Amino acid sequence: MNVITRRHFISALAFTAAAQSRSEPDWPQWRGADRSNVSRETGLLKQWPANGPKLLWSARGLGNGYGTVSIKGSRIYVQGTKDRQSVVFALNRANGQPVWHVPLGTALDQDRGPGPRSTPTVDGDFICAMSENGDVVCFRAEDGRGIWKKNIRDFSGRNPNWLISESPLVDGQKLIFTPGGERNGMVAVDKSTGRDLWVCRELNDAPGYASCIVADVGGVRTIMNLTSRAGVGVRASDGKLFWRYEAPANRIANCTTPVFHDNKVFYTSAYGTGGGLLALEPQAGGISTREVYFTRDMQNHHGGVLLYNGHLYGFSNAILTCLDFGSGAVKWRDRSVGKGSLTCADGNLYILSENNVLALAAASPDRYVEKGRVDIEDQGRPSWAHPVVCGGRLYVRNQGYLNCYNVAG
């Protein structure tokens, strides 16, 4: 066994042993394992101390970027920049120390900030990531060794104005993303090899800034996303387009990941648009749709919307809003910490404003009840990376740093 092979072998053994020895839950991709952005953890703090939850560690040197973390075993994965490259960093979950980093391609700048906007997707020993320049890369989780690389331009894709922000979706053996090329609006490749599996030739929309979800609709496996022009549904097996729903899409920036529940899907966008709920009905191998309602009361920009106990929570422009999922009725609206992003765990919302304020509030349709807040360090740009709660820890990324807080009860 040569030195390089032996080093990789030992690294893989150590990685596997560490991962297997941990009992903490994982958060392996954008918005968690099922992309609902709702953690199943319990036993977390119900109220924060006056100075906020305890800071356990802070990782520095992540460069630029707005993407959040994925967590698997003993590692944390997050995208950033280093030496003018767009990279994925692997960090030690226990203390935030760097383990390795791997370049994806040249880093890009834009008037809303440089660096990547996406979150790596971890599937077993594979990591798949998209850069702000449309590089799609698959590599080994234990040491960052590359497996294959493509770019959205391979599918005649094009980078939107504010750069690629999608986090790729793994569904079985398929890696799915939306390059937005002519007759290549959504594609699936083999996650192990990068080999093309299918393209949705009926979908010509340019890419939005949202990420796909997958769900079984009456036994029909379906991919859903919000493109630059419509909420769409595509058959997971072969890429056949099932529906286009244009009402919730604006022509500027569609950023919010769809929310699926009970054979219904909710799409929303800002810029004066709003959100709509579609009822989905399997029909002869396809799916028919019916609009349940459309509302101007949820105009989510890019902070995300989540569903908890039958109610949607998200910022409608700068106002945190709770809607009844089934009817669209407003339950309450509150200024909260100002426009931001959020996640949910153990009956509470963890909210991060773009103005660097972190808060805890009840996920209840009765009224807005705040349970603590704390300021985070300003990095000179809006704090747009979404918070993550995993294993009794709250992770907040803001440009070049990642803070880990103890929120276990």
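These notebook entries record what I looked up in a predicted model.

**Entry 1. Aromatic pairs**

I looked up Trp48 and Tyr350 and found a tilted pair, with 6.2 Å from centre to centre and 55° between the planes. I then asked which parts of the chain this pair ties together. Trp48 lies in the loop between β1 (38-39) and β2 (54-59) and Tyr350 lies in strand β28 (residues 348-353), so the pair joins parts that are 302 residues apart in sequence. I recorded both Trp48 and Tyr350 as buried.

Next I took Tyr77 and Trp100, which also form a tilted aromatic pair, at 6.0 Å centre to centre and 45° between the planes. Here too the pair links distant parts of the chain: I placed Tyr77 in strand β4 (residues 75-82) and Trp100 in strand β6 (residues 98-106), 23 residues apart. Are these two residues buried or exposed? Tyr77 has a relative accessible area of 0% and is buried. Trp100 has a relative accessibility of 12%, so I count Trp100 as buried, the limit being under 20%. I also noted that Tyr77 and Trp100 belong with Phe139 to one aromatic cluster.

**Entry 2. A charge over a ring**

I asked which residue lies over the face of Phe126. It is Arg140, at 5.2 Å from the ring centre.

**Entry 3. The largest nonpolar core**

I then turned to the nonpolar cores and found that the largest has 18 residues. Within this core, the residues with the most contacts are Leu306, Tyr313, Leu320, Leu349 and Ile351. I looked up which strands supply at least two residues each, and listed β23 (305-308), β24 (311-316), β25 (319-324), β27 (340-345), β28 and β29 (357-362). Of the strands, β29 gives the most to this core, with 3 residues. I note that β28, one of these contributing strands, is also the strand that holds Tyr350 of the pair with Trp48.

**Entry 4. Salt bridges**

Side chains of opposite charge can pair when their charged atoms come close. My search of the whole structure gave 18 salt bridges, and I followed up some of them.

I first examined Lys46 and Asp346, whose side chains meet in a salt bridge at 3.0 Å, N to O. The two residues stand 300 residues apart: Lys46 is in the loop between β1 and β2, and Asp346 is in the loop between β27 and β28. The loop between β1 and β2 is also where I had placed Trp48. Lys46 is partly exposed, at 44% relative accessibility, whereas Asp346 is buried, with a relative accessible area of 16%.

The second salt bridge I examined is formed by the side chains of Asp143 and Arg145, at 2.7 Å from N to O. Asp143 is buried, at a relative accessible area of 16%, and Arg145 is partly exposed, at 36%.

I then looked up Arg244, which forms a salt bridge with Asp205; their closest N and O atoms are 2.7 Å apart. This pair links distant parts of the chain, with Arg244 in strand β18 (residues 241-245) and Asp205 in the loop between β14 (196-199) and β15 (213-217), 39 residues apart. I recorded Arg244 as partly exposed at 33% relative accessibility and Asp205 as buried, with a relative accessible area of 7%.

Which residues are linked in a network of salt bridges? I found Asp171, Lys174, Asp216 and Arg221 linked in this way.

I closed with the backbone. Arg84 is not a glycine, yet its phi is positive, at about 65°. I located Arg84 in the loop between β4 and β5 (85-92). Strand β4 is the strand in which I had placed Tyr77. With 75% relative accessibility, Arg84 counts as exposed, because the limit for this class is over 50%.

Asn263, likewise a residue other than glycine, has a positive phi near 60°. I found Asn263 in the loop between β19 (259-261) and β20 (264-269). At 27% relative accessibility, Asn263 counts as partly exposed.

Note on methods. Residues are numbered from 1 along each chain as its sequence is written. This is a predicted model: local features need pLDDT of at least 70, side-chain atom pairs count only at pLDDT 80 or more; totals for chains, interfaces and linings use all residues. Side-chain values use heavy atoms; hydrogens and water are left out. Rings of Phe, Tyr and Trp (its six-membered ring) pair if their centres lie within 6.5 Å; planes under 30 degrees apart count as stacked, over 60 as edge-to-face and the rest as tilted. Helices (H or I, at least four residues) and strands (E, at least two) are DSSP runs, numbered from the N terminus. Buried means under 20% relative accessible area, exposed over 50%, partly exposed in between (1.4 Å probe, protein chains only). A charge sits over a ring if NZ of Lys or CZ of Arg is within 6 Å of the ring centre and within 35 degrees of the ring normal. A nonpolar core is a set of buried Ala, Val, Leu, Ile, Met, Phe, Trp, Tyr and Cys residues joined through side-chain atoms within 4.5 Å. A salt bridge is a side-chain nitrogen of Lys or Arg within 4 Å of a carboxyl oxygen of Asp or Glu.
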